[in-house]
Amino acid sequence: MSAQALGAGARMEPILPIPEPPTLDTRLVDLGARLFADARLSRDGSLSCASCHDLSHYGADGLAHPIGVDAAQGSLKTPTVYNSGLSFVQGWGGLASTLDSMVALAIESPASLGGGAGQSCWRAWDPTSGWWRISTR
Ligand code: HEC
């Protein structure tokens, strides 16, 4: 149920009900799911987003310190990605202000996917068509 449906009182609350999911293009949802699980986004092809954000494990890895490429150990616990698009900032300390910039950081960060192949994949995004050209390796 939306905050609007609950009335003015609900809109004054600091924590609001999760809004109904938007209608999305299923082709983009499918592409996002494939990219999320694609290890080609990491520099050495060893990790994907799903390695740390395991969607069957509450969107996180359950480790005290996540392991990135080259066994780089992260200093912060992996947060869930469930509903992270609704957060007003991303990361424990507000590392990124938007979900898009958080995803770019995840691809480029040495503590996560390590950059390299991921960066070339990132640059292959075609804003005109709105599609990715997956061209790594
Ligand atoms: C090596 C483990 C690891 C990998 C791989 C990884 N992440 Fe993360 N992710 C983290 C950690 C740790 C944080 C918290 C970072 C911080 O707060 O400084 C995080 C934070 C996030 C957040 C913010 C969540 C929140 O609730 O604040 C999003 C969104 C996210 N990652 C998406 C991704 C995506 C998309 C990918 C793949 C492109 C990815 N991550 C790959 C460990 C990882």
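Start by colouring the protein chain by pLDDT, since this is a predicted model. Select helix H6, residues 117-123: confidence in the chain is lowest here, with a mean of 50. Now jump to H4, where confidence is highest, at 97.

Next, switch to cartoon view. You'll find six helices and two strands in the protein chain. Trace the chain from the N terminus and the elements come in the order α-α-α-α-α-α-β-β.

Which residues are closest? Pick Cys49, Cys52, Gly91, Trp92 and Ala106; they are the closest of the 28 residues that surround the ligand. Two elements give two or more residues each to this shell: helix H4 (49-52) and helix H5 (99-108). Click on H5, because by the element assignment used here the largest share of the shell comes from H5, with five residues.

Keep the shell selected and colour it by residue class. How many of its residues are nonpolar, polar or charged? The shell has 17 nonpolar and eleven polar residues, and no charged ones.

Last stop: the whole protein chain again. Of its 137 residues, 16% count as buried. If you draw the contacts with a separation of 6 or more, 34% of them are between residues 24 or more positions apart.

Note on methods:
Residues numbered from 1 in each chain as written. Predicted model: local features only at pLDDT ≥ 70, side-chain atom pairs only at ≥ 80, totals over all residues. Near = placed C-beta within 6 Å. Helix = DSSP H or I, 4+ residues; strand = E, 2+ residues; numbered from the N terminus. Nonpolar A, V, L, I, M, F, W, Y, C, P; charged D, E, K, R; others polar. pLDDT = per-residue confidence, 0-100. Buried ≥ 20, exposed ≤ 12 C-beta atoms within 10 Å, placed from the backbone. Contact = placed C-beta atoms within 7 Å.
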